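User: I would like to learn how to read side-chain and backbone features in a model of this kind. Could we go through them one at a time?

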Amino acid sequence: MLEDLIRQLRDRNYSNAQIIDTCGDEGYEECEILAALARLPRPQAQRHSAAVQSSGRKAASGPPRDCRKDLMRAPYRFVELNDRVATVEAPTPHDRPIPEGCCATITVRWVAETPLLIGDEKDDITGPLRLWDDPTAPFAVPGSSLRGMLRSAMEIVAFGRLSRLNAHHRYGLRDFEHPSYRNGDFPLSQVDEVRAGWLSRSGDGYAITPCQWAQVEIADLVGRDRAFEWTVTGLENKYRQFQMGGFDFSRRRKFVRAEDRNNKILLRPDPRGSIDGVLVFADKVPSANRGAWENSGKKVEYVFYGDEGAPIDLTPEAMAQFRRANSKPSRNKSEPTGSWKKLEKVVERGQRIPVFYVGEPNAEKFAFGLTRLFKVPHKYRVGELLARSGQQKDRPSADAQGVERGIDFVENLFGYVLEDEDFAFDGSQANKPNALARKGRVAFSFGLIEADCAIEQEDVVETVMMGPRASFAPFYLVGKGHKDYSDKDARLAGRKRYLPRYPGGTDSRQLANSLHAPSENTEIRTRLKFLLPAPDTELAFSSTIRLHNVSEVELGAVLWTLTHGGAPSRYRHMLGRAKAFGAGQLRVDQITLSIVPNDPAHPPTAAADITHFLEAFEEAMVRAVGPGWRNSPQITQFLATSDPERGKTLADLGELSYLSELRDFAALRKTTKMLATEEAPCRQETFLSIKIGE
């Protein structure tokens, strides 16, 4: 059982900290693990090794034994964040023509070199979007998708701020050996520090009513022969089996005290018992297998019982923190996930649900959750890590007269909405506006697929499409130390870019083989149909970009971003679903430029040649950023991550694949803790040194 697992890990030279982490991942409570470690004396050879290290002798050089740097791979790379931001003196007006400015129309013919999908879901299948809801309507690419793709790219090349992120979000932490989790701000690993209560509505807010809690063995509830099946049973079915369907926590049962185990009471069901309590279950364990469970799996559920204390009203911040830890990140309305997705409705209809908590309610170091070992908030918000890049040294600001300063080049062109902490206010904080907002001066039309050149894929591709997980710090953060959202030295890795990887394009069969990942779990299964080129044609569409009252530099910025500095034949854009597998690889095939000057007496350079506008933009960036702009990490990495030849090289080396096993994620997380030196989230040495002119 647990002792056998510890012996196996010691045979592999695991440290005590690594043993605690590994056994915790298998479902054991830390108090159980520590007790077992105390019962099992360390082998003589390991005691000697520990003594040698503690005596101050130099340890062997090289990475730690369990360092798995081979796992540092993903289908994306990060472009470093710029520590300087190119700003404008004042936002450009919409209603007053700027000197020597113009209005312009850019018509772009795009060619999709790999299957394309911008999804429209019908009957559980996500297929290509049509211009209107009719099977005979032409296929189309939304202008908003093209706008987002171009803006993200321009924020890199024009040294803008990283604007689209959940800066307010504080990710959750569940790590048995993390200082905050063991004996720091939220000591969930210390069983005596964990308390229980009932969460319910209280007027316009919420409250927790404290009670006592104990453990109960799963084998005593359902029988030893059914204990493993219980761990892989969903939360609703667990409660239904005990006549608590619909999460009816009013149903109570009798228990007797069996023994004290690891400083916590263990109860046993008994109709004649004197302890009156309510069963509390955890949701199913993902990816469980019987062998691992037999050795080290979850063996207990819980009982809430005893006298209840007075309800404690929660502050809005305490409840907001709980919601953040149990929801998908969102600036406005959050989307519940996990057990909270199932239990939120119970609370909102006036009933109560069981929760565990640590700390004094509403104190600074207070958190609660739905399981015994719940997620607690990391120390820093995403925005606080972003600030370490230097991007927020000079936030945008406004004065009492409404004059705005510090808007960056891209915000000035594409528009912006700045809220709360996004901007400073020079006047009285009582008079600070709720937001600063200005519409953009660039608009994107729908992209219309050329007639008779596209068909919808007949066969459905069944796969598992997981969303981006910025909470997985080893990939999304850099810095020495733990590389997590509680580390004072951690920084955001940069702007994420999916790499093109098919220099000559690819057919739907090759992409389908890459995507194919069927799953019996219908909750995570995704069914896709891609847009493909018709036989003997190429998948092409045209779109229009309209610019209002722009300077030559701004027009040059759009053209530079579209053509990757005037090299559209070499570089590619990525758009739509399944970019991680190479779908949506776009080539700019042709550009037509039309210009109407604000002042006919001062027309811009002839529209037939875009070189002048590219040079105007580059010169402006040199003035704003410095002479190193052309060969800055931001520009070289942006071009490298847009080059399908380099993407193919990485793909052939296996560097653009996702990790396939949950244990690989755990191993990589441990590796990043072991590495004292700063490491990039994924190996980038194959393309970091390129120059624009290569």
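This is a predicted model: local features need pLDDT of at least 70, side-chain atom pairs count only at pLDDT 80 or more; totals for chains, interfaces and linings use all residues.

User: Over which ring does the charged end of R388 sit?

Analyst: A charge counts as sitting over a ring if CZ of Arg is within 6 Å of the ring centre and within 35 degrees of the ring normal. The charged end of R388 sits over the ring of Y380, at 4.4 Å from the ring centre. R130 is placed over the ring of F139 in this way, with its charged end 4.1 Å from the centre.

User: How many aromatic pairs does the structure hold?

Analyst: Two rings pair if their centres lie within 6.5 Å, and planes over 60 degrees apart count as edge-to-face. The structure holds 28 aromatic pairs.

User: Which parts of the chain does the pair of W198 and F304 tie together?

Analyst: W198 belongs to strand β7 (residues 195-202) and F304 to strand β12 (residues 300-305), so the pair links parts that are 106 residues apart in sequence. 

User: Are W198 and F304 buried or exposed?

Analyst: Buried means under 20% relative accessible area. W198 has 2% relative accessibility and therefore counts as buried. F304, at 1% relative accessibility, counts as buried.

User: Why is the pair of Y239 and F249 classed as it is?

Analyst: The ring centres of Y239 and F249 are 5.2 Å apart and the planes stand at 85 degrees, so the pair is edge-to-face. Y239 is in helix α9 (residues 235-241), while F249 is in the loop between α9 and β9 (253-261), so this pair ties together parts that are ten residues apart in sequence. Y239 and F249 are both buried.

User: Which residues form one aromatic cluster?

Analyst: Pairs can be followed from ring to ring. One aromatic cluster is formed by W198, W213, W230, Y239, F242, F247, F249, F281, Y302, F304 and F356.

User: Where does H378 lie, and which side chain does a polar contact join to that of H378?

Analyst: H378 lies in the loop between β18 (376-377) and α13 (382-387). Its relative accessible area is 7%, so H378 is buried. A polar contact of 2.7 Å joins its side chain to that of S486. Leaving out residues up to four places away in sequence, H378 touches R170, Y171, G172, L173, H178, D484, Y485 and S486.

User: What does A112 touch, apart from its neighbours within four places in sequence?

Analyst: With those neighbours left aside, A112 is in contact with L539, Q585 and L586. A112 is in strand β2 (residues 102-112), and its relative accessible area of 7% makes A112 buried. The C-alpha atoms of A112 and M574 are separated by 9.3 Å, although the two residues are 462 residues apart along the chain.

User: How many residues of helix α17 are buried?

Analyst: A helix can be read by its span and by its cover. Helix α17 (residues 552-563) has twelve residues and reaches 16 Å from its first C-alpha to its last, close to the 16 Å expected at 1.5 Å a residue. Eleven of its twelve residues are buried, so α17 is largely enclosed by the rest of the structure. Among the buried residues of α17 are E554, W560 and T563. Just after α17, H564 takes a positive phi of about 55 degrees.

User: Which phi does Q243 have, and which does N549 have?

Analyst: Backbone angles are read residue by residue. Q243 is not a glycine, yet has a positive phi of about 55 degrees. N549, not a glycine either, has a positive phi of about 55 degrees. Q243 is in the loop between α9 and β9, and is partly exposed with a relative accessible area of 48%. N549 is in strand β33 (residues 539-550), and is buried with a relative accessible area of 3%.

User: How many helices and strands are there in the protein chain, and what percentage of its residues count as buried?

Analyst: The protein chain has 21 helices and 35 strands. Of its 694 residues, 50% count as buried. Residues 24 or more positions apart account for 76% of the contacts with a separation of 6 or more. The accessible surface of the chain comes to about 32,800 Å², and 48% of this belongs to carbon and sulfur atoms.

Terms used. Residues are numbered from 1 along each chain as its sequence is written. Side-chain values use heavy atoms; hydrogens and water are left out. Rings of Phe, Tyr and Trp (its six-membered ring) pair if their centres lie within 6.5 Å; planes under 30 degrees apart count as stacked, over 60 as edge-to-face and the rest as tilted. Helices (H or I, at least four residues) and strands (E, at least two) are DSSP runs, numbered from the N terminus. Buried means under 20% relative accessible area, exposed over 50%, partly exposed in between (1.4 Å probe, protein chains only). A polar contact is a pair of N or O atoms within 3.5 Å; within protein, one must be able to donate a hydrogen and the other to accept it, and residues adjacent in sequence count only if both atoms are side-chain atoms. Contact means heavy atoms within 4.5 Å. Accessible areas come from the Shrake-Rupley method with a 1.4 Å probe; for residues, only the protein chains shown count as cover. The expected span of a helix is 1.5 Å times one less than its number of residues.
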